[in-house]
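I opened a new page for this structure. These are my notes, in the order I looked things up.

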Amino acid sequence: MASFQPNLKDLEAAGVPAAETQLVGDLQTTLGADLAKPGALADPTTLLRFVRAREKKIDAAAAMWRASDAWRRGHVPRALRDCGAFCDAR
């Protein structure tokens, strides 16, 4: 199985500063299949925020991203259900 190789030019085109594209690419590689989950916060500028929030430490940024993703999956659907957002969309 081939490993994921981020396209650094695509990251830059998406708004990631050239000096930080490698870091975001490293985070993408570390997160791997987690980024393909429906509803995952996978856009490059969001990943950049996680990298910056953890002072460019990729393992710490990945742990923070995974904790955030788990929290969102556990709380956001319930909050939307409780406030009626799904029912109101009919």
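Which residue forms a salt bridge with E55? I looked it up in the model, which is a predicted one. The partner is K57, and the closest N and O atoms of the two are 3.7 Å apart. I then checked how open each residue is. E55 counts as exposed, at 62% relative accessibility. K57 is partly exposed, with a relative accessible area of 49%. I also noted the backbone at E55. This residue comes just after α3 and takes a positive phi of about 50 degrees.

**Entry: the overall layout**

I stepped back to see the whole chain. The protein has five helices and zero strands. Read from the N terminus, its elements run α-α-α-α-α. I looked up burial next. The protein has 90 residues, and 29% of them count as buried. The accessible surface comes to about 5900 Å². Carbon and sulfur atoms hold 57% of that surface. I also checked how far contacts reach along the chain. Among contacts with a separation of 6 or more, 52% are between residues 24 or more positions apart.

**Entry: helix α3**

Which residues of helix α3 are buried? The helix covers residues 44-53, and I found P44, T46, L47, L48, F50 and V51 buried there.

**Entry: salt bridges across the chain**

How many salt bridges does the structure hold? I found seven. Side chains of opposite charge can pair when their charged atoms come close. I followed two of the pairs in detail.

E20 sits in the loop between α1 (8-13) and α2 (21-31), while K56 sits in the loop between α3 and α4, so the pair ties together parts that are 36 residues apart in sequence. Is E20 buried or exposed? E20 is buried, with a relative accessible area of 8%. K56 is partly exposed, with a relative accessible area of 45%.

D69 counts as buried, at 6% relative accessibility. K37 counts as partly exposed, at 36%.

I went back to E55 and K57, whose salt bridge opened these notes. Then I looked for salt bridges that share partners. Such bridges join D34, K37, R66, D69 and R73 into one network.

**Entry: A62**

Is A62 buried or exposed? A62 has a relative accessible area of 1%, and a residue under 20% is called buried, so A62 is buried. Which residues does A62 touch, leaving out those up to four places away in sequence? I found L27, T30 and L31. A62 and T30 are 32 residues apart in sequence. In space they are 6.9 Å apart, C-alpha to C-alpha.

Methods: Residues numbered from 1 in each chain as written. Predicted model: local features only at pLDDT ≥ 70, side-chain atom pairs only at ≥ 80, totals over all residues. Heavy atoms only, no water. Buried < 20%, exposed > 50% of the residue type's maximum accessible area, 1.4 Å probe, protein only. Contact = heavy atoms within 4.5 Å. Helix = DSSP H or I, 4+ residues; strand = E, 2+ residues; numbered from the N terminus. Areas by Shrake-Rupley, 256 points an atom, 1.4 Å probe, with all protein chains shown as cover. Salt bridge = Lys/Arg side-chain N within 4 Å of Asp/Glu carboxyl O.
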